[in-house]
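Student: Please take me slowly through a single part of this structure, and give the cut-off behind each term as you come to it. I would like one connected account.

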Amino acid sequence: MAEPIRKSFVTFGLKPDPPEPDVLLNHPRSSIHLVLECKAGSFSPMSSTAEQGRKLLAACSDPNAALGGAQHAYVIYVIPAEDVELQTATLLHLTAELNGHGLSPAESGTIGLSITPDGLWAELSLIKKTARTEILDLCTAVQVTEGSKDGARPLYIIPFDPAAAANQSPAELAYCKRLLSERLCTYSMGEIGRADVPDNVHITGDDAVRSATFNTSVRWRARELVKLREQAVTEIYTILDKGDLRGRVRRSREYLELNLADQDQQRYALSLLARAPIDTMADRLLPAQLTLDEADNSWNQP
């Protein structure tokens, strides 16, 4: 964040630390960034959430400092479509407020999410009209997933986000924990299934979590990830260290190694993972203290 902007935060009562948006989308050819913040609903200028909004708008007013290089940034709030009007009013209020402090806040807008009888839709809307075709081409309703109105929920591509778990409902968190556990087992089955026995199969917690999150965990800087990787190794070890495989599995905090003597042991290992008690694994994978700790999710800060 540009130092003059950081200092200005202090003058009008904001903490000097930079904001941390949820997602950065970059269009390499044009150097345009969409700085996305995802919210369950709109918020008023008087709410505590508005402080982050002021910071995002101010920090991205100097995108070269916030994002590096010759960039252009739009601060976008991803919210339910029915809250777009109220959020737009809030962004206009915050923009005027920052102008009053002598800042030139970044351009902003919303992505409204809506579920219709034929699926989930997203629509980008900017407060200020732009002539840039790269952005204009996105300012239309886009179908994200197909499906009926009752079944068109967003895809859980990333089943665990260390910065979001504390804000999930119990049912949503349970669903994500189960999905994460299933993917860890699926990854382990793939590694074991590809072994050319007799063979030693090496499974790391880092590789398993990266596979389960489609490589997104590589870009996280969260304390929770260390615990999660270690617990993933523990859970896979617990599943495999049974019957004919007892004593053939070694582990450390970061990885486990499975010594397979023949195809019978390989098939047995696969059957153990296929029959793994996923619900029990899910409960142990993300214990309460892990999901409630505040994440240091700093990879995506401007």
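Tutor: Directly after helix H1 comes Gly13, a residue whose phi is positive, near 80°; helices (H or I, at least four residues) and strands (E, at least two) are DSSP runs, numbered from the N terminus. The model is a predicted one, in which local features need pLDDT of at least 70 and side-chain atom pairs count only at pLDDT 80 or more, while totals for chains, interfaces and linings use all residues. Residues are numbered from 1 along each chain as its sequence is written, and side-chain values use heavy atoms, with hydrogens and water left out.

H1 itself spans residues 3-11, and its buried residues are Ile5, Ser8 and Phe9 (buried is under 20% relative accessible area, exposed over 50%, partly exposed in between, with a 1.4 Å probe and protein chains only). Viewed down the axis of H1, these buried residues fall within an arc of 110°, so they line one face of the helix, the arc being that of the directions from the helix axis to the C-beta atoms. The face turned away from this buried side carries the exposed residues Pro4, Lys7, Val10 and Thr11. On the buried side, the residues of H1 pack against H2, where contact means heavy atoms within 4.5 Å.

Six strands form an open sheet with mixed pairing, in the order E1-E2-E3-E4-E5-E6; two strands pair if DSSP finds at least two bridges between them. Its edge strands are E1 (23-27) and E6 (141-146), each of which pairs on one side only, and from one strand to the next the twist averages 25°. Five bridges join E1 to E2 (residues 32-38), and these two strands run antiparallel; Asn26, for instance, has His33 in E2 as its bridge partner.

Helix H2 (residues 50-59) packs on this sheet, touching E2, E3 (72-80) and E4 (107-116), and its direction makes about 155° with that of E3; axes are lines fitted to C-alpha atoms, for helices over the stretch in contact, and angles run from 0 to 180 degrees between N-to-C directions. Helix H4 (residues 84-100) also packs on the sheet, touching E3 and E4, with its direction at about 170° to that of E4. Within H4 lies Glu85, which is exposed, with a relative accessible area of 68%. Although Glu85 and Thr110 are 25 residues apart in sequence, their C-alpha atoms are 9.2 Å apart in space.

Further along the sheet, a hairpin joins E4 to E5 through two residues. Eight bridges connect E4 with E5 (residues 119-126), and the two run antiparallel; here Ile111 stands opposite Leu124 in E5. E5 is in turn joined to E6 by five bridges, again with an antiparallel run, and Trp121 has Gln143 in E6 as its bridge partner.

One side-chain detail belongs with this region, since Phe43 lies in the loop between E2 and H2 and Tyr77 in strand E3. A search of the whole structure finds one aromatic pair, formed by Phe43 and Tyr77 in an edge-to-face arrangement with 5.4 Å centre to centre and 65° between the planes. Rings of Phe, Tyr and Trp (its six-membered ring) pair if their centres lie within 6.5 Å, and planes under 30 degrees apart count as stacked, over 60 as edge-to-face and the rest as tilted. Because of where the two residues lie, the pair ties together parts that are 34 residues apart in sequence. Both Phe43 and Tyr77 are buried.
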